[in-house]
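Here are my notes on the charged pairs and one surface patch, in the order I went through them. Have the model open while you read.

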Amino acid sequence: MTNLDTFRALLSERNTDEVVTKALVRDVQLPYGAGTMALITLDNGFDHTKPNTFGPHGLFALNGALSEIAARSDLAAVGVTGKPFIFAVGADLKGAAALSTREEALAIGGLGHHVFRRLGELGIPSFAFVNGAAMGGGLEVALHCTYRTISSGVPAVALPECFLGLVPGWGGTQLLPRLIGPANAIKLIIENPLSQNRMVNGKAAFELGVADAMFEPADFLEESLRWAARVVNGEVVVERPAGDEDWDKAVADARFLVDMKLRGAAPAPYRALDLIAQARTATRDEGFAAEDEALADLLMSDELRAGLYSFDLVQRRAKRPAGAPDASLARKVTKVGIVGAGLMASQMALLFARRLEVPVVMTDLDQARLDKGVEYVRAEVGKLLAKGRISGDQANRLKALVTGSLTKDAFADADFVIEAVFEDMAVKKQVFSEVEAVVAPACVLATNTSSLSLTEMGAGLGHPERLVGFHFFNPVAVMPLLEIIKGAATDDATLATAFAVGKSLKKSSVLVKDAPAFVVNRLLTCFMGEVVAAVDEGTPLETAEHALDGLGLPMTPFALLQLVGPAVGLHVAETLHEAFPDRFGVSENMAKLVAAGKPGVYRPDFSLDPEAVAIFAGGSSPSTAEQVRERVLTALAGEIRIMLDEGVVAAAQDIDLCMILGAGWPFHLGGITPYLDRTGIAQPRFLAPGVASVG
């Protein structure tokens with residue numbers, strides 16, 4: 001039995017509901033007398049909203065097309081492109097989740113290698129014409145070709161496997177480092193996936209050396225065929241600079257960064273680094289065999305199931321928020337008002353102007369503060385222009401859209417007014433009283449409060465039904481989560497408008513009940529409170545600080561405190577203590593830290609501040625790191641159970657989504673509730689069996 005027969009026997013009955021990506025072949029006469037090209041178009045029969053993917057049947061389809069091409073003697077070249085707007089986005093993830101044995105996992109890796117490598121072994125030049133999104137296995141198809149062109153309009157090029165708990169398993173770890181050098185390959189294979197699955201566009205991919213030529217979208221295929229003809233005729237010689245990069249140093253530097261970020265918690269990035277290191281000297285057969293073994297191990301891992309659950313949340317649930325009203329109820333927003341001109345308010349102003357493209361006016365107490373806020377926006381616009389992310393015309397429009405006013409009368413024609421003032425109930429109630437006096441009856445009033453009650457905030461308003469919580473996370477432009485809070489009086493039109501605005505801002509919105517500190521801050525305060533309590537009791541600060549390193553959290557507890565500021569952390573703790581005195585305490589030592597004016601426990605160089613450490617010294621009941629970890633996770637499990645019982649969100653999946661997008665809960669852990677389920681800390685389980693897997 002041949003390898004292909006083995007693959008077919010193992011996989012042909014798998015994933016019978018696979019959406020098959022066909023390999024449609026047509027002959028194209030290349031210009032300039034260069035001969036005939038067999039052009040393969042990858043197409044699953046759907047529009048761009050359902051991208052091309054590769055399951056077993058799709059791989060067999062491509063293999064069949066390549067066999068027909070290999071049998072011909074009249075061809076000068078072979079080309080591969082995709083349906084409109086899509087090249088291919090990799091493996092069928094539902095099929096990957098359905099694999100039940102390591103033998104099947106090994107077979108799918110071997111099948112992809114068997115098929116894709118044929119593109120580089122036909123005896124004639126092969127060309128990938130990357131006309132649209134190319135991710136994962138889709139990008140690997142292109143890497144196996146002799147040459148590549150790319151459209152300048154391609155929105156996304158990526159190898160996101162490490163984001164999901166996998167490695168590029170169809171040639172990516174071997175071919176890409178040799179093409180663009182190990183450091184640039186590591187950016188695409190490891191660094192970008194671990195940075196909220198960052199993508200690069202067509203222009204950036206070309207600049208990295210992934211493609212040999214770039215053309216405009218309007219005539220991309222025609223220009224690509226002309227370029228290919230000149231390559232076939234010898235008129236164009238593609239020269240790729242010989243790499244003299246220190247391969248070992250690039251891998252070692254990346255390993256250090258991965259350790260800093262994950263502290264060994266997720267296996268996939270480390271396996272990818274091992275494969276990239278091996279690519280320097282391995283033969284193609286050796287490298288591909290090593291990818292097969294790594295892929296098989298990871299496809300059978302808990303990390304993959306967890307990663308697929310997380311992926312499903314951010315790709316599906318986040319786009320259809322549970323409990324959101326009918327979108328047809330949303331009111332049109334043609335102008336936005338922002339109360340405040342501080343850093344948070346200024347970040348909001350830029351985001352509203354950039355995404356909604358409507359006038360945005362900020363107010364504050366004096367001209368100096370207003371000027372500082374408006375200048376911040378203009379400076380940030382200048383940075384976007386300098387990086388080439390916006391044009392000169394766009395920059396001028398954005399600057400003109402954001403203005404300042406010392407009077408709230410400027411909100412008279414606004415449709416949406418949000419406050420970003422000090423986190424104090426009396427201050428916020430006064431602000432909304434003043435705003436309500438000048439705005440139109442249908443204007444939505446939104447608060448960016450991180451912990452205060454909307455119902456209490458709106459109690460003195462004439463129309464509390466138009467007050468809604470609109471809680472951003474810092475930095476506003478980067479963090480994808482938006483907690484939308486429904487007060488006791490908030491009506492559906494207001495809520496629908498808030499969700500519509502959130503969508504326009506390109507945020508993932510989650511509906512949250514009006515409960516103290518909502519979701520993310522409530523759980524982070526619970527988390528931080530247990531760590532601080534352990535230190536207050538006598539646990540060495542460094543022991544408590546690193547007790548949860550094994551989870552791979554984005555930052556340690558006291559580093560997080562340094563980021564948000566002790567005063568903010570203390571305020572939220574006090575708010576929650578007032579609401580739930582039996583579960584949330586207020587650390588006297590934290591209050592002392594705030595009174596001392598300390599920014600946290602670290603100095604600017606991130607060495608521990610002895611004076612801050614001394615504030616927390618003196619307890620007589622120290623805990624071990626393991627005890628701190630169990631204490632924190634047990635408290636989180638208990639608080640989540642209470643939140644679900646209270647109906648703070650619709651389901652456990654919404655808490656997982658909030659923590660992934662708003663608190664950086666590691667993707668590879670699959671959401672906080674399935675993690676607590678798997679470890680046995682949550683009793684009873686939060687999710688029904690099978691919910692935390694995809695397929």
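1. Glu-223 comes out as partly exposed, with a relative accessibility of 22%. Keep in mind that this is a predicted model. The cut-off for buried is under 20%, so Glu-223 at 22% falls in the partly exposed class.

2. Who does Glu-223 pair with? Its salt-bridge partner is Arg-226, and the closest N and O atoms sit 2.7 Å apart. Both residues belong to helix 10, which covers residues 220-233. They are 3 residues apart there, about one turn of the helix. Arg-226 is partly exposed too, at 32% relative accessibility.

3. Next up is Arg-280, whose side chain meets that of Asp-248 in a salt bridge at 3.8 Å, N to O. Arg-280 is in the loop between helix 12 (267-279) and helix 13 (284-299), while Asp-248 is in helix 11 (residues 247-262), so this pair ties together parts 32 residues apart in sequence. The cut-off for a salt bridge is within 4 Å, so the 3.8 Å pair of Arg-280 and Asp-248 counts.

4. Then have a look at Arg-583 and Glu-639, where the side chains form a salt bridge of 2.7 Å, N to O. Arg-583 lies in the loop between helix 24 and helix 25 (588-595) and Glu-639 in helix 27 (residues 625-646), so the link joins parts that are 56 residues apart in sequence.

5. Is each end of that pair buried or exposed? Arg-583 is partly exposed at 27% relative accessibility, whereas Glu-639 is buried, with a relative accessible area of 2%.

6. Some charged residues go beyond simple pairs. Arg-102, Arg-271, Glu-293 and Asp-297 are linked in a network of salt bridges. How many salt bridges does the count come to? The total is 30.

7. Met-555, Leu-563, Val-564 and Val-568 make up a nonpolar patch on the surface, and together they have about 340 Å² of accessible area. One of them, Val-568, lies in helix 24, residues 566-579. Val-568 is partly exposed, with a relative accessible area of 44%. Patch members need over 30% relative accessible area, so Val-568 passes that part of the rule at 44%.

Technical notes:
Residues numbered from 1 in each chain as written. Predicted model: local features only at pLDDT ≥ 70, side-chain atom pairs only at ≥ 80, totals over all residues. Heavy atoms only, no water. Patch = residues over 30% accessible without salt bridge, like charges linked within 9 Å, V, L, I, M, F, W, Y side chains within 5 Å. Areas by Shrake-Rupley, 256 points an atom, 1.4 Å probe, with all protein chains shown as cover. Helix = DSSP H or I, 4+ residues; strand = E, 2+ residues; numbered from the N terminus. Buried < 20%, exposed > 50% of the residue type's maximum accessible area, 1.4 Å probe, protein only.
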